[in-house]
Amino acid sequence: MATKKLGFVVRTLPYKIEGSRLAMTHAISSQTVEIYLEDGDNVEPVVCFIGDGVLNCLKNQQAMKHYGLTSLEQHVKNSLLLDLNVLICKEDVDRLGLKEDALIMDAEDIGGETKARIVPYSEIQKAMESVDHLLFC
Amino acid sequence: MGKLTIGTFSSLVGSVSLDFSIKLSEAAIQKGHKVDLWVSGNGTMLSKKGQKAFKDYSALAKKVQELIATGNLQVTACEACAEARGYHKEDTMEGVKRFSMDWYLASTFTADRVLHIGGD
């Protein structure tokens, strides 16, 4: 019986390439991974947004209107709904002139209880050091 | 002998990330390791059958089939990514599997090392 920690580090812009979407869909797929594992084994993802990747966490995305696509905002909320650990780099939030109220910090509107956290890069570094495998997206 | 899991998300043509993944897989297999190669996003096209080799484009199908034949390379394509690109089960290269994304996470569970190569 073991749990392996996976660190998804999202650095890419939303919509420009598929990287951030695939990072989140893969992290969310951890919810069904047990069907492939022995009883008691599991994986536990942490999703870290750094660099331009923090822009994936902007509120009020209009992807359905402009691209006919589900928004990355919805994927962030789904991650929180599923109690994934979501970390957003404070230095990059500041660098881009963003305020906390511009970012998706919870999924209360869909029944989520877990909140995203804006943390200094040093904390993201600790999260990266604590995982078994890092997946840069 | 160890197990390496490689997730690759880049295009078959237009990027050499898949070429790198296959060369790395080959090197690992030659050293006696096993490799799980997960192709997702645009990377799924690596696992489509019927690829023609032109010298101007990456042509990896033959090498992939040779490596699969060793029994030490498992190539698995993301089913949803493939279907979204109009590439269906009957189009899949011989020896390649198709699963949902949780298969990749399960593979990382038993891997000694994971290399995740982001896409374009």
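Trainee: What is the strand order in the open sheet of chain B?

Mentor: This is a predicted model. In it, five strands of chain B form an open sheet in the order β4-β3-β2-β1-β5, with parallel pairing.

Trainee: Which are the edge strands?

Mentor: β4 (97-99) and β5 (113-117) of chain B, each of which pairs on one side only. On average, neighbouring strands of the sheet are turned by 20° against each other, direction ignored.

Trainee: How many bridges join β2 to β3 in chain B?

Mentor: Five bridges, between residues 34-39 of β2(B) and residues 73-78 of β3(B), and the two strands run parallel. As for a specific pair, Trp38(B) has Thr76(B) in β3(B) as its bridge partner.

Trainee: And which strands does α1(B) lie across?

Mentor: β1 (3-8), β2, β3 and β5 of chain B; α1(B) runs at about 170° to β1(B).

Trainee: Now helix against helix. At what angle do α1 and α2 of chain B pack?

Mentor: About 25°, with the axes 11 Å apart; α1(B) covers residues 17-30 and α2(B) covers residues 61-69. The angle is under 35 degrees, so α1(B) counts as roughly parallel to α2(B). The crossing of α1(B) past α2(B) is left-handed.

Trainee: Which residues meet there?

Mentor: From α1(B), Ile22(B), Ser25(B), Glu26(B) and Ile29(B); from α2(B), Lys63(B), Val64(B) and Leu67(B). By class, that contact has four nonpolar, one polar and two charged residues.

Trainee: Switching to the two chains. How many residues does each give to the contact?

Mentor: Chain A gives 21 residues and chain B gives 18. On the chain A side, the elements that give two or more residues are β1 (3-10), α1 (19-28) and β5 (133-136). The largest share of that side, four residues, comes from α1(A).

Trainee: How do the residues on the chain A side divide by class?

Mentor: Ten are nonpolar, eight polar and three charged.

Trainee: Last one: where is Leu58(A)?

Mentor: Leu58(A) sits in the loop between β2 (42-49) and α2 (63-67) of chain A.

Trainee: Why does Leu58(A) count as partly exposed?

Mentor: Because Leu58(A) has 17 C-beta neighbours inside 10 Å, and a residue needs 20 or more to be buried, or 12 or fewer to be exposed.

Key. Residues are numbered from 1 along each chain as its sequence is written. Chains are lettered from A and ligands numbered from 1 in the order in which they are written. This is a predicted model: local features need pLDDT of at least 70, side-chain atom pairs count only at pLDDT 80 or more; totals for chains, interfaces and linings use all residues. Axes are lines fitted to C-alpha atoms, for helices over the stretch in contact, and angles run from 0 to 180 degrees between N-to-C directions. Angles under 35 degrees count as roughly parallel, over 145 as roughly antiparallel, 65 to 115 as roughly perpendicular and the rest as oblique. A crossing is left-handed if the near helix is turned anticlockwise from the far one by less than a right angle, and right-handed if clockwise. Two residues are in contact if their C-beta atoms, placed from the backbone, lie within 7 Å. Ala, Val, Leu, Ile, Met, Phe, Trp, Tyr, Cys and Pro count as nonpolar, Asp, Glu, Lys and Arg as charged, and the others, Gly among them, as polar. Two strands pair if DSSP finds at least two bridges between them.
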